[in-house]
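Open the model in your viewer and keep a selection panel at hand. The tour makes a few stops, each with something to select.

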Amino acid sequence: MRSIPSFAKEIETRMAQKQPLLEIKNLSVGFDTNRGLIRPVREVSLSVYPGQTVALVGESGCGKSVTALSILRLIPQPPGRVLGGQINFEGRGNLLDLSEKEMRSVRGKDIAMIFQEPMTSLNPVYTIGDQIVEAVTLHQGVSTRKAYEIAEESLNDVGISDPHRRLREYPHQMSGGMRQRVMIAMALSCKPKLLIADEPTTALDVTIQAQILELLRKLQRERGMSILLITHDLGVVAENADVVGVMYASRVVEFATVEDLFDHPQHPYTEGLFKSVPKLGSRAERLETIPGMVPNPMRFPAGCKFHPRCHRTRACAVAVESGQAIFPAGTNIPKEIAAATDSEGQRFSVLKKCATDEPTLREVKPQHWSACHVTENFEQSPASVPQLDHRREVVPMIVDEGTITV
Amino acid sequence: MSIEQAESSQMLAAAAAEPAMPPPARSLIRQAYHDTLASVLARIGLAWLFMLAFFAVFAPFLADSHPYVMKVNGRWSSPALIHLTPADVLLLIATATVVVLAIWRRLSFLRSLGLIAAVVVVAAAPVYLLVRPPVNVDYSQYRDDLASGKIQKAIFAPVPYSPRDRLRDQPEARLEKPSRRHWLGTDTNGADVFSLLLHASRIALSIGFIATSISVVIGVLVGAVMGYYVGTVDLLGMRAIEIFEAIPQLFLLITITALIQDRNIYVMMAVIGATSWTGYARFLRAEFFTIRKLDYVQAAVAAGLPTRIILFRHMLANALTPILVSTTFGVASAILYESILSFLGIGLVDEASWGAMLQQARAGGAGFVLWIAIPPGAAIFLTVFAYNLVGEALRDALDPKLRKRD
Amino acid sequence: MLPTLLGVTVVVFFVMAFSPGGVGASLLNAEGGLRPEERRMMQAYYTARYGLDKPRIVQYLNWLNHVSPVGLKAKGEGFPNAWPVGFKAPDLGEAFSTHRKVSSMIAEALPITLLLELLSLPLVYSISIWTGIRGARSRGKFADVSLGFVLIGLYSLPSIWVGVLMIGFLSNVKYLHWFPTNGLHDLMSDSMTFLPTTMHGHFERGWLLDTAWHLCLPVICLSYNSFAFLSRLQRGALLESLNQDYVRTARAKGLSERVVIYRHAFRNSLMPMITVAASILPGLIGGSVVIESIFGIHGMGKLTVDAVFSRDREVLMAVTLIASLLQLFGNLISDLTYAVADPRVSYVD
């Protein structure tokens, strides 16, 4: 196994910290359009610890990419603006307070980002060597010759064979998987503390997907780097994440360790997601879906954004009409609801609340945040910024000296 | 059901049935015209063009040596009306139709155009048969007769000089400076510059329209044929287009017009039209190629509709407005070409033309005659500018990238 | 390229041959004041000499043979010497009106026209690139909109008017005499030294400076038309580049906005600008017809106009052919430049 002694101490000290590396507190981002202000990100809170992989999951349009871009302040300012909140990064304070010049020294150096489309994310008229060296000379201030050496090393680290020759090649001469590796090499060439990966494998074949994710995990272990992984694929989350945040319609609706999320989802949206994943061996004739559609940001529903599609409110409403018990027999009924099934006033109070009050993210179970009124003890649970210093059980991998060529 | 029950189910129904799409926008074409007219610059351009059209149509009444009415020996007569040419009369009839249609407003745009064309065609024969102005005209006669008392009373046009009135009774009035009598002075032949200016607007506008129409028709036909019967026909057509594009248009124009003996206005229109068609042909061909590949066209073919109908119906709907943008610019360039040819002396013979006037400004012996140099050039500039402004506004209105994003 | 060229010759000859009145008509008029028998003799002479009585298609083929470097030839000329077919020097014929060889007339006129155009290309490009970038960077704001307005206005200015006004105001003794009246050289230019001197007690311009001074106005008149088109193209290309993913990557790397715009976006936006160079050329060649006539410069344009007035078939055909050749050549150069500039394009098609 390749030993990297220079990192070891850093990893140790970082992981021993109790402070998160990145803490997003109540971030809200808006876009000014002809039709008014849209808010694709509303009061989003989460944290990332050193050496941790945090996955941010959600359907298209839920605001996860905008959140990620906002961390590096890459949202174009004329239509977009930050409406509130903080993004605290270790050693830099609130990133939103930094000047543009200071922010530029964060980008690529402390926090790096890779994007979804490797085919178009590299400039076609420059060699990949030039593009990596550009980042290196900018942040590390070394001579061009040394920068090329560092670039070659980075290419080697990401498993590209014959890196010396590759430096002189152009992006169009490489496949998608290779280009994504180059992107990773470029992002990691300045040894960032946090890597934001916005759907890095969505545009790639499934087999390449696995390789890229494996590569990311390997690099993370070697460097003690944190990864904020944006994805919509639950399988990717299950394989790679330590901690998961689920986003729906501009908010984080659930935040927990990956094991806890999969075993005991608390939010009805997460429940719905898991139910809709087809399972091998099941005899179902119809796939389960979450009824309805993701709401248009111009016309978000009042109250909880999910309530029109939520089986919990639906059950309440149905029961009202037919006089049946709210939940099917055998369901684990939260205490308040069970108590409320008898009197009509309290059944309605649950439904009205979902339709008028937007639930904030609360720690409903130890180390498990959720944002749903119809949860046991929801009102009493503390609202806080989710912080989970958790890393999954790692099966030690034997990495041989050979490299992978795509 | 109690009121609250009804309320709750209503809320749920409303939330679930919420359309995620904004209300349907106007059809693309109407929106484009609306946007174009909204542009201030386009409106200024159109205003100038309407004024020019007014001058063009009513030129024989605005600037004419023939008095409107005159009393000779106690009898009234109207030389202005007597000397109207068939072209003048047809133009007046067409304008009257346009005015009527504009007030009545029942017909769609295309149908109105068709009606105007029909009226002109139907009226052409009788007009050409019945309207016969005297061939030999002596312009100075009126002034002589007025002075000698033969004419008791006469009401003249605001500019009492025809463009062909070379002031034979006042031979020293060549190249006269602007004065009360001749608002813009006279040219080398003695003709009144202002009158020339007004009458030349006819040439400009008519050549612009008709030449461009001819080139559009040729281009559309060639392009459609190429796009429909692909293969050898397409190859041949592309050759033809390349050949025509290899010769600079002005060279071709010069070469053709130079060798034609009788250069009347219809010949000029035909020549300019016959050299400008390549752009439209390319565009149509590209449209056809794109349409062929569209899924729904293939589906229609699979359902049994003949290809011909699909292609033509779709093409007419979609390609019309983008072609309109090109035609606007095409009219501007046709006007420019005509004026260049007239300037060089190989354009129209014996007709008022802005280009020819500019040439006089140089050849006036004194080297530079101010009052002949500025007005016609300004007229060409303003007209071309107006067309370009309208064309630009139309193009901006149609460009999908510039559309305001929702 | 060759078939296109061939097609050009067909079109040109087509027009010539079928024009009513024939090509010899004004020749005879030019002689003027001839008695009928003399006129008939002259006519017979011209017909025999230029083969004007043969069928049109034969005239065309004859001309084509003369013009092409490969074809039927007399024994004893060209290569191989003894064969009736082979390579030979292209012969563009003789001008009807002046009896000079057309090739020599063109050899005199072409460099001048090319000079004009090659001088205006860099001017046009440098100004357009600058205004295009300005427009893109301040998109939608006053600077951009007003710049666009001014450029459309420039584009609409007819060159005949601008040329006349420029000469009228700027070259005229009566107004400002900043520039020379016409021509490319001063009357005394043959006796001038090449470089500016102060030898003879006063400052003398010298041939170089004098030519440059004469070229100022014509080059400006020739160039201003293309500003609008190129500037808008640059602006659009830059805006599109700025929307691309690799620009986002560059920003994420922490590069300054200047570097992002100029090193990444701008470099990519040059592609369409290069390809379009070939389509500007016909505009310039055509525009030079007007400019040369106005400024009295003896280039291809003036040659054409003179040939028109003297109904000189040979010259007209040769000039059109050369103009088309230049155009096609320009296309070729632009394709090659594009292949060099864009690494995605390979040399082999």
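Predicted model: local features only at pLDDT ≥ 70, side-chain atom pairs only at ≥ 80, totals over all residues.

A:Gln367 takes a positive phi near 65 degrees. The residue belongs to the hairpin of E11(A) and E12(A), which has two residues between the strands.

E11 covers residues 362-365 of chain A, and E12 covers residues 368-370 of chain A. They pair in the antiparallel sense, over three bridges. Pick A:Glu363 next: opposite stands A:Trp369 in E12(A).

Next, a helix pair. Select residues 128-140 of chain A for H4 and residues 144-157 of chain A for H5. How do the axes of these helices cross? They come within 9 Å and cross at roughly 115 degrees. An angle of 65 to 115 degrees counts as roughly perpendicular, so H4(A) is roughly perpendicular to H5(A). The crossing is right-handed.

Show side chains at this contact. From H4(A), take A:Gly129, A:Ile132, A:Val133, A:Val136 and A:Thr137. They meet A:Thr144, A:Ala147, A:Tyr148, A:Ile150, A:Ala151 and A:Ser154 in H5(A). Colour by class: the contact of H4(A) with H5(A) has seven nonpolar, four polar and no charged residues.

Last stop: chains B and C. Here 37 residues of chain B are in contact with 39 residues of chain C. On the side of chain B that touches chain C, select the helices that give two or more residues: H9 (232-246), H10 (249-258), H14 (307-344), H15 (354-363) and H16 (370-398). Which helix gives the most? H16(B), with nine residues. Colour this side of chain B by class too: 25 residues are nonpolar, eight polar and four charged.

How values were computed. Residues numbered from 1 in each chain as written. Chains lettered and ligands numbered in written order. Axes fitted to C-alpha atoms, helices over the stretch in contact; angles between N-to-C directions. Helix = DSSP H or I, 4+ residues; strand = E, 2+ residues; numbered from the N terminus. Parallel < 35°, antiparallel > 145°, perpendicular 65-115°, else oblique. Left-handed = near helix turned anticlockwise from the far one by under 90°. Contact = placed C-beta atoms within 7 Å. Nonpolar A, V, L, I, M, F, W, Y, C, P; charged D, E, K, R; others polar. Pairing = 2+ DSSP bridges.
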